[in-house]
Amino acid sequence: MATDILHTQNLARAQDFLLKPAGIGAGELEQVMGRMLGHHVDYADLYFQYSRQESWSLEEGEVKSGSRHIEQGVGVRAISGEKTGFAYSDEIMMPALLDAASAARAIARGGREQTLALATRHGQTLSLYEPCDPLASLEDTAKVSLLEKVEQEARRQDPRVKQVMASLGGSQETVLVMRSDGVMAADIRPLVRLNVTVIVEQDGRREHGSAGGGGRTDYGYFLTEDRALSYAREAVRQALVNLEATPAPAGTMQVVLGPGWPGILLHEAIGHGLEGDFNRKGTSAFAGRLGEKIAADTCTVVDDGTLPGRRGSLNVDDEGTPTQSTVLIERGILRGYLQDRMNARLMGMAPTGNGRRESYAHLPMPRMTNTYMLAGDTPPEEIIASVKKGLYAVNFGGGQVDITSGKFVFSASEAYLIENGKIGRPVRGATIIGSGPEVLTRVAMVGNDLALDSGVGTCGKDGQSVPVGVGQPTLRIDGMTVGGTEE
Amino acid sequence: MGAIMKGSKNTPSLEDLAAQTLDLAKAQGATAAEVNAGLGHGLSVTVRRDEVETVEHHRDKSLSVTVYFGCKSGSASTSDFRPEALTEAVRAACAIARHTAEDPFNGLADPEHLARDIPDLDLYYPWQLSVEEAIVLAQRCERAAFATDKRVSNSEGATVTSHEGFDVYATSAGFLGGVSASRHGVSCAVLGEDEEGHMQRDYDYASVRDARDLPEVEVIGRQAAARAVRRLSGRQIKTCQVPVLYEAQVARSLLSHLVSAVSGPSLYRRSSFLLDSVDTAIFPEMVHLYEEPHRKKAMGSAPFDGEGVETRTRDLVTDGVLRRYCLDSYAARKLNLVTTANAGGVHNLMVKPGPEDLAGLLRQMGRGLFVTELIGFGINGVTGDYSRGAAGFWVENGELAYPVEEITIASNLRDMYKGLVSVGRDVDYRHNICTGSWLLERMTVAGS
């Protein structure tokens, strides 16, 4: 499907769906914009959204609960310099829109209502996923039986599996952005996810393991390439490894991070600190450091919202800017920030398609999409063989960063000791802490095995959650603080 | 004011909406149904470097319905209150219920546990706060922060928020309860910078039901500034095992982990490090934890829980011994126990304060680590393994010696609870879980 055709279809569908029932056409949008655009308002936008989501969950062998959620509304924003006025309504109707516009534009005093004719043009957009409806892509009975098969597969692996929890979730979000510069853009975003957690027990000791995946597609994704069942097997494998694990060491040591999801390192250590808002305000440890060397020569890190079907990808961001691949670090040099429109304008930079919001009821901010490091040329076995004593961490739970001090943590959910170049016994409870501006200067080896995560990441910032992706090749980092309990 | 049973002067229509939704469920053949509906509005104003940064007008609206067909259930929610949207939500919930499995533990709370009188807990104090007034308060707060110390170099801003709402819970068995509540706050986050250009951020905030209970906004600003600058020029310490003092606002997280470990789902999934722990000592003898749901004006107060069950003061831990779990009706039936009115969580979980204030606890510790901030999620709820990033201060001779950062603190929650030496009387009342600072016997600190 050609990009422009899909785009026109998306826009037409979004208009039909979001605006037409309320009788909102070009004239009405101009009226709302006119209410905001006095001479003190530099920019305004309207964000219309309708989303449907569902989740099904299984425990004790049966799908016992499920829920559906429908949400719709419009967010109205007016910007004057660095000031933002924001109001929203869950009613997509003219009176509510005009009220919201009045409330939002109160940010700029002295503005007068304008009559304006917006030269509306259709924004550029990409075509990274089909505008499908995941909820309708599978019969409800098939969703239930998919979860049951996942459960059976997990139990079949090992008699020590005592509990299996599995969940299936899908959503479809239709958004339409109308900007004061006349650009109108729309996107229809599917998203699916399947997760499995198992509890295993042996001699009174219990452990758990989790796996899952998803992306911007429909439920058919889980039925192909044996994906759903492979998550079940992976969760059991991980839980059984942890059953054997002994306490992790404590102290500073060489750390080898596996490929894929351990890229959460980049998300925490680098990505957040390079978001435009923190840098405009000077509150990030990376503020004012563009062009400086902040990583080893072997490190090139990008944020790429254009990867087809990925969880973190978007055809256009929530301000109607097409997503792109933004180089953050190029061969060790800090090259770019992640920008939304407001911060880009205030910093004299170009928007990078990273303006995202959780919903119409939230303000957009610079956010990551899919953040990853490009592959190097060292085979991963060679990297492990190069370590005399250290930690090999291949799976992680969550992470967090203090963007001002630059300190970040992420917690391993599967890790092993490395002794004399060989992977040794599994260890548990290893949280790793480091300093964002320094950690990549300690990257000693970069693997040739770049992998992206399986589509499970959700990023939180200022109370707003958005789906993201991460990835990296195997990395050896010389000197990270590992927080186990064994001295 | 406060809780209202029927005929609320605030938003009587919300009760009607709930009733309509229950009727729709009945018409669809549901044998039972329950509805939660909420309506709220608020204002949030942020000032940064003396300039207005954001003015946000909030309006929250949500309705969720759970339908039962015998022992099968399904749920749906919507933010759209028009009749067609309510019909669609009920239909969606019923469609799901057709596909879920029979679960004999499903259903509404048993009638004998339901709240009969709904006491007024003094939770509703609307604040007629204009945007202009909020701006002035936020400016005063942030200016006080900048005036506190020359090293305060930057700001993430000061925010003033006000929110009020009305929530209704209704069931097909005839329960109908509503609570009006307000929540107002002031917060400030600023950055300090040392001679080498290294920055630290910290914050302070207040959160109350009644705006008249807010401290002077300057106090929040000054406290945020003092917290930020005292962290400047922090360093790593060597890996060691030492006593650790959790400041009250981070000690609260240790109780959250406890609540999660003794809550229904963790127990019936056998995924808790505190399985089968009722009537066993999980803390030293001096520890007393209890819920106080009817505390006036408190942040976690509720006359009834998420399924209409009457709340009352109940011990959780007495003389160090775990007395009960935290259960809703579903978990209680599954575990062959009785609901503890914890559908939706705990309500004002309080820790009996000890005799010492923070300075006293520091003296008691003598030498060790004082933790003021935690980051990361390194908690394994199945095993109790605990390892989180931390920042705080090295303590020598009972006094703060220097700031510490880029370290982790690790142990196992079971050992941490057993090793609780003292609880402070510096109780932090800003949340649903209220405790003073905690002095723990020993943890592994990983550093250089």
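## A residue to start from

Glu51(B) sits in strand S3 of chain B; strands, like helices, are DSSP runs numbered from the N terminus, with at least two residues (E) for a strand and at least four (H or I) for a helix. This is a predicted model, in which local features need pLDDT of at least 70, side-chain atom pairs count only at pLDDT 80 or more, and totals for chains, interfaces and linings use all residues. Residues are numbered from 1 along each chain as its sequence is written, while chains are lettered from A and ligands numbered from 1 in the order in which they are written.

Leaving out residues up to four places away in sequence, Glu51(B) touches Glu82(A) and Lys83(A); a contact means that the C-beta atoms of two residues, placed from the backbone, lie within 7 Å.

## Where the two chains meet

Now let's look at the whole meeting of the chains. Here 65 residues of chain A are in contact with 60 residues of chain B. Which element gives the most to the side of chain A that touches chain B? That is S2(A), with 12 residues. Sorted by class, this side of chain A has 19 nonpolar, 30 polar and 16 charged residues. Nonpolar here covers Ala, Val, Leu, Ile, Met, Phe, Trp, Tyr, Cys and Pro, charged covers Asp, Glu, Lys and Arg, and the others, Gly among them, are polar.

S2(A) also pairs with strand S4 (residues 72-78) of chain B, in the parallel sense and over four bridges; strands count as paired if DSSP finds at least two bridges between them. Look for Arg68(A), which stands opposite Ala76(B) in S4(B).

## Chain A as a whole

Chain A has 11 helices and 24 strands. Its radius of gyration is 24 Å, close to the 23 Å that the globule rule gives for 487 residues, so chain A is as compact as a globular protein of that length. The radius is taken over C-alpha atoms, and the rule is 2.2 Å times the number of residues to the power 0.38. Along the principal axes, the C-alpha atoms of chain A fill a box of roughly 75 × 55 × 40 Å.

Of the 487 residues in chain A, 62% are buried. Among contacts in chain A with a separation of 6 or more, 76% are between residues 24 or more positions apart.

Chain A is assigned domain 1 (3-244) and domain 2 (247-483), with bounds that come from an automatic or database domain assignment. Their centres, taken over C-alpha atoms, are separated by 23 Å. The contact takes 38 residues from domain 1 of chain A and 29 residues from domain 2 of chain A. On the domain 1 side, the largest share, six residues, comes from S2(A). That side divides into 14 nonpolar, 15 polar and nine charged residues.

In chain B, the assignment gives domain 1 (3-230) and domain 2 (240-446). The C-alpha centres of these two domains of chain B lie 24 Å apart. Contact is made between 25 residues of domain 1 of chain B and 19 residues of domain 2 of chain B. Strands S5 (152-171), S6 (176-193) and S7 (199-208) of chain B each give two or more residues to the domain 1 side.

## A helix and a loop residue

Helix H3 (residues 94-105) of chain A has 12 residues and reaches 16 Å from its first C-alpha to its last, close to the 16 Å expected at 1.5 Å a residue; the expected span is 1.5 Å times one less than the number of residues. Its buried residues include Leu97(A), Ala100(A) and Arg105(A). The buried residues of H3(A) pack against helix H2 (26-36), S2 and S3 of chain A together with strand S3 (51-69) of chain B.

Asn315(A) lies in the loop between strand S10 (301-304) and strand S11 (325-330) of chain A. Why does Asn315(A) count as buried? Because Asn315(A) has 27 C-beta neighbours inside 10 Å. Asn315(A) and Leu126(A) are 189 residues apart in sequence, yet 4.6 Å apart in space, C-alpha to C-alpha.

How values were computed
A residue is buried if 20 or more other C-beta atoms lie within 10 Å of its own, exposed if 12 or fewer, and partly exposed in between; C-beta atoms are placed from the backbone.
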